[in-house]
Every structure is written in structure tokens, then in C-alpha cells.
Amino acid sequence: MKAYLILEDGNVFEGKSIGAIKEVVSEFVFNTSMTGYLEVLTDPSYAGQSVVMTYPLIGNYGVCLDDQESYKPHVEGFVVNELARLGSNFRKNIELEDYLKQHNIPGIQGIDTRNLTKIIRSKGCMNGMITTNKYDDLTEVMKKIHDFKVTGVVEKTTCKESYILGDGIKKVALLDYGAKANIAKSLVRHGCQVTVYPASTTADEILANDYDGIMLSNGAGDPAENVQIIEEIKTLVKSGKPIFAICLGHQLMALAHGFKTEKMKYGHHGANHPVKDLKTGRVYISTQNHNYVIKTDSIDETVAKPWFINVNDKTIEGLEYLNENIKTVQFHPEACAGPLDTDALFEEFIKMMEVK
């Protein structure tokens with residue numbers, strides 16, 4: 001069946017429908033990872049977005065359910081150049097297209113994803129529609145596309161109630177703003193007992209349990225939208241507890257300190273982003289997924305100093321707070337899928353709790 005991808009700039013791509021037969025409007029971003037498509041599909045940070053995979057062949061090892069980063073996919077749509085008909089892997093549970101159908105995710109294959117990616121790089125991430133309907137008049141479609149906005153995604157992706165993982169010595173509260181599963185797994189692997197809390201949990205409830213440390217997770221959408229969460233983080237900061245934050249959590253912590261965030265042109269989405277540790281000069285390859293970034297000129301240098309920067313565009317990739325036991329990173333040290341270069345940052349968090 002034919003399918004169409006209609007962008008808000010007027011570009012229309014014709015391809016073949018994959019996954020669910022469903023019309024969806026969303027924001028479109030591209031991901032440069034060669035592998036890890038299941039982790040991309042199930043990363044809650046993609047809520048409200050459709051993902052264009054730049055690698056030309058996707059689905060060649062099928063779907064291994066143990067690799068899911070959440071209990072279901074969170075992308076709105078999926079765009080590939082070619083979808084492998086049969087996946088080959090001894091761990092495979094299901095074919096990728098069947099997985100997309102099972103979770104009602106529409107997609108399109110057979111389009112020039114290289115050209116599509118160049119458009120997004122040139123003009124910035126933009127809204128669009130995946131549809132199997134051929135529209136002769138795009139007037140109403142364009143209005144629908146232009147009116148779409150990614151909102152309320154933290155509330156949609158967070159867990160509904162708290163739960164505990166692991167039985168380690170260090171006790172950590174993980175605030176779930178749309179957390180990838182491997183964050184909690186990594187903490188458990190490093191000897192922690194992790195209590196995962198919904199995003200709406202108050203600071204008083206967290207502090208009443210006297211945790212050794214607090215982790216703020218990744219998540220989707222505009223960080224500045226989360227006004228109440230930012231207020232709760234301010235209270236957590238005042239407690240003096242060791243806090244480590246990743247991705248959206250990194251941005252929320254900055255906002256709680258009065259810094260500013262802004263939307264990037266096309267964001268960072270992939271497993272090959274170089275970040276430089278400003279203390280050691282060492283460069284690491286990182287996994288990233290974000291459309292927003294902290295404005296460098298908004299950082300009060302008496303409050304925090306840059307810890308990591310992006311080697312490519314010099315954007316802030318990490319902050320150390322000078323008079324507080326707080327460190328934050330924009331990238332994913334749990335890196336699933338992706339390079340394991342920065343897994344040692346979990347050890348850094350352990351040391352922060354030991355100092356406390």
C-alpha cells in the first residue's frame with residue numbers, strides 16, 4: 001500500500017506503508033544510529049515525534065523484547081529507507097514490522113531518507129504527517145500539521161506508581177520523567193537499590209525516605225513546560241542530597257537554578273556524538289536524544305561551571321554545581337544502545353553519595 005510523508009514546508013514523499021495503517025501528525029527528527037532501532041522506538045524521550053533512521057537498512061535483526069527501554073514504543077511514526085523483511089538473530093522474538101503493527105505505530109519505507117535528513121538539517125526539525133490517503137488539496141492537512149505541538153509528554157510517559165529495583169546498599173530515588181529502563185538497571189548494577197517515582201511526586205515525599213542520592217531521568221518535550229516539577233527540584237536542591245541528572249533532568253536542574261533553555265535547530269539524536277570532559281580534556285563518544293539545550297550565556301558561573309561540551313557544536317553537555325553536590329549531563333551514560341564510554345559516570349554518582 002502506498003503511503004505519503006507530508007512535511008510542513010510542503011515537501012511530499014511517496015513510499016510504501018509499513019506497520020499500522022494509521023494517519024498521524026507529529027514532529028520529525030532524524031537518528032544517526034546504525035543499530036538500536038528497538039531502543040529508539042521504546043525511548044520515552046521520542047514521545048510526540050516520528051523518527052527518520054538515516055542508516056539505510058533497518059530491522060535486519062528483528063525485535064529482541066529484552067532490549068526494550070520501556071514497556072511499549074513511544075514514537076508516533078517510523079521512517080526508513082528499507083525495512084528488512086526477515087530479521088536474523090538468535091534472540092529475535094518478532095519481526096520489526098509485526099512489532100509496529102502490534103503497537104499501532106505507522107511508518108513508511110522506500111523514500112529517500114538521505115534527502116529527507118538533509119531537509120531537516122537545513123530547515124530544522126519540523127512537523128509532518130504520515131498517511132495512506134492521497135490528498136488532492138493539502139489546505140486542511142497543512143493547517144493540521146502547522147497546529148501540532150508536542151505538549152504534556154512527561155505526564156504521558158512517566159510511571160503511574162512507584163516501584164523498587166535491586167537490593168544494593170546505596171538507596172537511590174529515581175524520578176521518572178520518561179526514563180529509559182537502562183538507567184535504573186545501571187544503578188542496580190553499580191550496587192544501588194532504586195525506587196522509581198512518578199514525575200508528579202513531591203520533593204517532600206522523596207526527602208521523607210532519606211535516600212542516599214537522587215537521580216533525575218531523561219524525558220521528552222520542552223523542559224520549560226514542567227513548571228511544577230521545576231519547583232519540586234528547587235526543594236530537592238535545598239536538601240543538600242547528592243543529585244545526578246540525565247538529559248531532560250539536566251535541563252530541569254538548570255531551569256531550577258534560573259538558567260535558560262532553548263530549542264535546537266535539529267537536535268542531537270544518535271549514538272555517535274563526541275563530548276569533551278573539560279577537566280581532563282578527554283573526548284568520549286555518547287548516545288544522545290534531545291531537541292533542547294541549556295543556553296551557555298545564561299549560566300551563572302558562580303553557581304555552576306561547564307563539565308562537558310559537545311565537540312561538534314560546542315553546546316553544553318554537562319554541568320557541575322559549585323556549592324552543591326550536584327552533577328548533570330545532557331547525554332546518556334547508560335547508552336543503550338550505544339557506546340559504553342561514559343558508564344563510569346554512575347561510579348561518579350556513587351562517589352558523590354559516599355562523600356555525602
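I begin with strand β1 (residues 2-7), which pairs with β9 in the antiparallel sense over 4 bridges. Here, two strands pair if DSSP finds at least two bridges between them; helices (H or I, at least four residues) and strands (E, at least two) are DSSP runs, numbered from the N terminus. This is a predicted model, in which local features need pLDDT of at least 70, side-chain atom pairs count only at pLDDT 80 or more, and totals for chains, interfaces and linings use all residues. Residues are numbered from 1 along each chain as its sequence is written, and side-chain values use heavy atoms, with hydrogens and water left out.

How many residues of strand β9 are buried? The count is 6 of the 6 residues, 126-131, so β9 is largely enclosed by the rest of the structure. Buried means under 20% relative accessible area, exposed over 50%, partly exposed in between (1.4 Å probe, protein chains only). M126, G128 and I130 lie on one side of β9, with N127, M129 and T131 on the other.

Helix α9 (residues 248-256) has 9 of its 9 residues buried, so this helix too is largely enclosed by the rest of the structure. Among them are H250 and Q251. After α9 comes G258, with a positive phi near 90°.

Finally, 10 strands form an open sheet with mixed pairing. Its edge strands are β10 (163-165) and β16 (283-294), each pairing on one side only.
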